[in-house]
Amino acid sequence: MIADAWDWVARVVEWGVTNWSHPGDPERGLLPRLTEHMRLAYLSILIGLAVALPVGLACARWKPLYPPVLTGVNVLYAVPSIALFFLMLPYTGFSDWTAIVPLSLYTLVILLPNVVDGLRQVPDHVRQSAVAMGFGPLRRLVRVETPVAVPVIIAGLRVASVATISMVSVASLVGLGGLGQVILSDGFRRQFDAPIVVGIVLTVALAFVTDALLVLAQRLLTPWARR
Amino acid sequence: MDILTGLVAWFADPAQWTGGSGIPARMGEHVYYSLLGLLLSAVVAVPLGLFTGHTGVGGFLTTSVANFARALPTIGVLFLIVLAAGIGLVPVVCALVALAVPPILVNTHEGVRGVEPSLRDAAIGMGMRGHQVLLRLELPVATPLILMGMRTAAVQVVATATIAAYVGVGGLGRYIVDGQARQDLTMMLGGAVLVVLLAVVTTLLFAGLRRLAR
């Protein structure tokens, strides 16, 4: 029993090592799929963040704006990414955007409430101290309010990045999807378990490394919290 | 525009609304898989979350495992179980449960943990036993958060039940799979629109439930 399990693990690892990359063909192997996975996931997260920050800022500043925007975002949240991949096909075809647009929307949906709550929870006395020190609205935003909101924003980013990285695989159903391609084409279509396991393990590993990087980023960005 | 008129024609076709591959039948299958997956997940996750939240035993382990499970690519889990157990309802429901347990579990745990200590002290001071504190204080206070976890899980389950069609079971995903196989874009889009509608209805249902629970 244990020997069988060991054999199986050894077989899976061997498949992963032999198929890591093909020197003759840079398009084949696990490494190009992994980099594709990272490209799709990181671009989606960055675009989602780039949209969530200004929209969140606007919502935190002009309060009546927030309820309608939040409702809109919640409706978006109900739209499944799988369905969106297919709905994007007629417009973006088999380009990266078919995966990136739905995934960045998803990141935006998770992040926006965190950005708004993070900015709103800046204590009044902190804001007033900044005013008393002669900070204008812009400098206050950049130097005081945004840094105070960083932990909440990064908490949202951590949730969004894990979700996005595991969801990129679903895009394999429309012919993209990085490691999802390994799972679907090499594994499932050939009724072969090793690529499926390798695909799952690499996806989870990527999610963990990304999560660790975000925790590190939080420590670097909020040095005052470390004591 | 062409895509839209094609889609309207697809929905308007009366043949679409009858028989085993009609929209009502496919919708029924989809709802059935989703409900089964969600209910099983709730049966596993809510008591476990209540236990870890109430006692604090294994709380860190639970949330860590749940976070780990959230990183699992669902199609990988599904295809792996299909290879091991064969095609059918079992792998689909297993994959859906793997997807739905983490958000429900984490929210239940956090909901119970988040009960104000002063409230808990008051309940104990009133002479409540452990299980009474759990059922009459912690569960009601945690309900909104539990429902939010269920909503997150439900929307993901409805979306992911689509891939049931890839392992030979029915549901709305059939339109997407068959549409892909026949290069019939309208059929694929029709399936995707139906999944979106079902997900929106699910969200609204949970919004209503939350209002009731208040």
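**Close-up views of a predicted two-chain model**

**View 1. The largest nonpolar core.** Of its 119 residues, A:A83, A:F85, B:L78, B:L96 and B:V195 touch the most other members. Such a core is a set of buried Ala, Val, Leu, Ile, Met, Phe, Trp, Tyr and Cys residues joined through C-beta atoms within 7 Å. Buried means that 20 or more other C-beta atoms lie within 10 Å of the residue's own, with C-beta atoms placed from the backbone; exposed means 12 or fewer, and partly exposed is in between. The model is predicted: local features need pLDDT of at least 70, side-chain atom pairs count only at pLDDT 80 or more, and totals for chains, interfaces and linings use all residues. Residues are numbered from 1 along each chain as its sequence is written, while chains are lettered from A and ligands numbered from 1 in the order in which they are written.

**View 2. A:A83 and its partners in chain B.** A:A83 touches B:A159, B:A192, B:V195 and B:V196, leaving aside residues up to four places away in sequence. Contact here means C-beta atoms, placed from the backbone, within 7 Å.

**View 3. The side of chain A that touches chain B.** Here 33 residues of chain A are in contact with 25 residues of chain B. Helices α3 (66-78), α4 (81-92), α7 (137-168), α8 (179-188) and α9 (193-221) of chain A each supply at least two residues of this side. α9(A) gives the most, with nine residues. By type, this side of chain A divides into 23 nonpolar, nine polar and one charged. Nonpolar covers Ala, Val, Leu, Ile, Met, Phe, Trp, Tyr, Cys and Pro; charged covers Asp, Glu, Lys and Arg; the others, Gly among them, are polar.

**View 4. Helix α5 of chain A.** This helix covers residues 97-120. At 1.5 Å a residue, its 24 residues should span 34 Å, and its end C-alpha atoms are 33 Å apart, which agrees. The expected span is 1.5 Å times one less than the number of residues. A kink of about 35° lies at A:L111, shortly before the proline A:P113. The bend is the angle between axes fitted to the seven residues ending at a residue and the seven starting there. α5(A) is mostly covered, with 18 of its 24 residues buried.

**View 5. Chain A as a whole.** Chain A has nine helices and zero strands. Helices (H or I, at least four residues) and strands (E, at least two) are DSSP runs, numbered from the N terminus. Buried residues make up 39% of the 227 residues in chain A.

Key:
Contact = placed C-beta atoms within 7 Å.
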